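Hi everyone, thanks for coming. Let's bring the model up on the screen and walk through a few parts of it together.

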Amino acid sequence: MSRRSLVRVALMTLVGLLLVGAFVVADPLASARDDEVEETTTERERSAIATTNLTATVEADGQLTASGNRPALAFRTGTVTSVAPVGTPVDAGVVLYELDGESTVALLGSVPAWRDMGSGDEGTDVQQLEANLVALGYDPDGLLTVDETFTDYTAEVVTRWQADVGRAETGLVALGSVVFVPDPGSITSVAVAVGDTVSGSAPSPILTVSSLTRELITALDPADLETIGVGTELSVRFPDRSVRTAEVHHIGSLGDGTWQVTADLADEAAAEGADESDGADGLPSGEVVPVTVTWTHAIATDVKTVRANALTRLDTGTYVVEVVDGGADDPAASTRFVEVGIGERSGSTVAVITDLPTGTEIIAP
């Protein structure tokens, strides 16, 4: 045999040996013929049919502003001898201005001062006056009955107050000597300067007091009218992304097809470190603050619900859920598909119409 033939035989023999070796190594049963093949079962996530209420959220733009302004009018002719500057905090007992050296004082009350008050007079303004005099400490013995009647003892308490604020001790509260403001506020505008002469024949504002209580106002789409009512709690998001709550106290038509919601910001105390002249949100009371308002309303009550990912839509357009038949701890439990009707949806939760009882386990991948 020639050398070339011997080389060829040797190469063929080597290739054969390599092929046999490769077959032995690649045979998946070669090293595990006597081992058991393990079968794994993947457990799928489950949920259950629940009975709950579904809600939807409505969002609207709004603005937060002072709940009201109260002007301090000059009801007699005189020369302005002092006037509090813009930004002055206003509460019961604060002197707002002086005419010819006699002070006009702020008191708390929703009804504006509109007349002289003296013995024998009756009304809400009298009750406001007496409540303020008691709160300011001018009835230390507790003998004044706070009601709508101005008695001789009321006049006696008034004289104590007049002596303290620099007015003639007459026991008569002359029109222009007090300004009732609905709640604590601050002076937001001043129309006069010291030395000016004002006329009482045509009363004009000397200054304006703006409330520190913030009022929320938002326009309402008529389509959302049924989603909100007096007493509804609102979530109010400020430009700095902080969130407060408010409660609706009035809903009214503006007469042009639109509606307006008015709400009071919850009394959660002023922002930490806020100036005394700041509003409830810690911003100066003269500012209007744009906010985003949201509220929720019920769209379905006591309905059966499933997670949206538990629903499978068939080519026929119907929906089914995969019901688990078997124990909750049995990963190999059988399943079956059951047709359900579809109702309202809220987020990832969907109402279903079915005879399946609440608590039925279903597959929710």
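Let's start with helix H2, residues 124–135: at 1.5 Å a residue its twelve residues should span 16 Å, and its end C-alpha atoms are 17 Å apart, which agrees. The expected span is 1.5 Å times one less than the number of residues. Helices (H or I, at least four residues) and strands (E, at least two) are DSSP runs, numbered from the N terminus.

A word on the source: this is a predicted model, where local features need pLDDT of at least 70 and side-chain atom pairs count only at pLDDT 80 or more, while totals for chains, interfaces and linings use all residues. Residues are numbered from 1 along each chain as its sequence is written, and side-chain values use heavy atoms, with hydrogens and water left out.

Which residues of H2 are buried? They are Asp125, Val126, Gln128, Leu129, Glu130, Asn132 and Leu133, where buried means under 20% relative accessible area (1.4 Å probe, protein chains only). Their cover includes strand E7 (102–108), helix H3 (152–165) and strand E8 (178–181). Just after H2, Gly137 has a positive phi of about 90°.

Now the largest nonpolar core, with 19 residues: Leu129, Phe150 and Trp161 touch the most other members. Such a core is a set of buried Ala, Val, Leu, Ile, Met, Phe, Trp, Tyr and Cys residues joined through side-chain atoms within 4.5 Å. E7, H2, H3 and E8 each supply at least two residues of this core, and H3 gives the largest share, six residues. Apart from it lies another core of 18 residues, including Val58 and Val293.

That's my tour, thanks!

Technical notes:
Buried < 20%, exposed > 50% of the residue type's maximum accessible area, 1.4 Å probe, protein only. Contact = heavy atoms within 4.5 Å.
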